[in-house]
Amino acid sequence: MAGFFRRMLPKRFRKERVVVPVVRLSGVIASGGGPLRQSLNLAGVSQALEKAFDMKDAPAVALVINSPGGSPVQSRMIYNRIRDLAQEKRKKVLVFVEDVAASGGYMIALAGDEIFADATSIVGSIGVVSGGFGFPELLKKLGVERRVYTAGENKVILDPFQPEKEKDIEYLKSLQLEIHKVFIDMVRERRAGKLAADETVFSGLFWTGGRGLELGLIDGLADMRQELKKRFGDKTKLELVTAPRSLFGRRAPGISLPGIDNVGAGLAAGLAEAAEEKALWGRYGL
């Protein structure tokens, strides 16, 4: 309401200030969450992004990214939504990395027209990884017999309860190479003319913000508040934009609660998800 009355005043009586919307994109990237964690995905951030880009007087949209990666599909979906909104609303996108923007987190960061980080932030990890566990020997020790029936010879490819097969591994690696190429093409397109001629950029390694700047993965080392005030003036106001909250305080598109019959299974799955999330962050020393 205050903003409405301020706009009604003649321009010479207004105290002009610039408002820059800020959207936080934080967490492991996955299509769904669980009882012990809430993932970063398009469903959870789309409303906040649209609200931020709808702020007509804003000269830019600032994105704060803090993610060790995750689903390449969700990463690309978020990236595409940001770029679509930026072009539709003709807004500049400024990305600021907190602790880490690695793997899928860096893929999302590519949506920025400029990317900034702290000197001690972690950026990069341009690669693809798949992981899991195998339990064939454990079943034997427990006296458990694996029974599975399929139509289609490859329906149980990479089954964790059966010994690994070389052809299954080769097939998985072929998929990884396809996804890796998509990622590389995105980096080369978005960082054209800025990347260093160093092929280790695409090796899956990750670097500090300082080294990332030398490699052309980011555009500068900067604090968000200081950078935005330097660009748009000392009166610049940063306005955090979030998704609507439900009755229970969760984001509206967020996690559904398990039914009473599934509470135990949900908690068990949640513990596994929490362990996986911890491992992703731990890879970068966080």
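Predicted model: local features only at pLDDT ≥ 70, side-chain atom pairs only at ≥ 80, totals over all residues.

1. Residues are numbered from 1 along each chain as its sequence is written, and side-chain values use heavy atoms, leaving out hydrogens and water.

2. The protein has 9 helices and 8 strands (DSSP runs, H or I of at least four residues for helices and E of at least two for strands, numbered from the N terminus). Of its 286 residues, 38% are buried (under 20% relative accessible area, 1.4 Å probe, protein chains only).

3. Taking contacts (heavy atoms within 4.5 Å) between residues at least 6 apart in sequence, 72% join residues at least 24 apart.

4. Helix α2 (residues 42-53) and helix α3 (residues 72-89) have axes that come within 11 Å and cross at roughly 15° (lines fitted to C-alpha atoms over the stretch in contact, with angles from 0 to 180 degrees between N-to-C directions). α2 is therefore roughly parallel to α3 (angles under 35 degrees). On the α2 side, the contact includes L42, V45 and F53, while α3 brings in residues including M77, I78 and L85.

5. Do have a look at S75, which is found in helix α3. With 0% relative accessibility, S75 counts as buried. Leaving aside residues up to four places away in sequence, S75 touches I29, G104, M107 and I108.

Definitions and conventions:
Buried < 20%, exposed > 50% of the residue type's maximum accessible area, 1.4 Å probe, protein only. Parallel < 35°, antiparallel > 145°, perpendicular 65-115°, else oblique.
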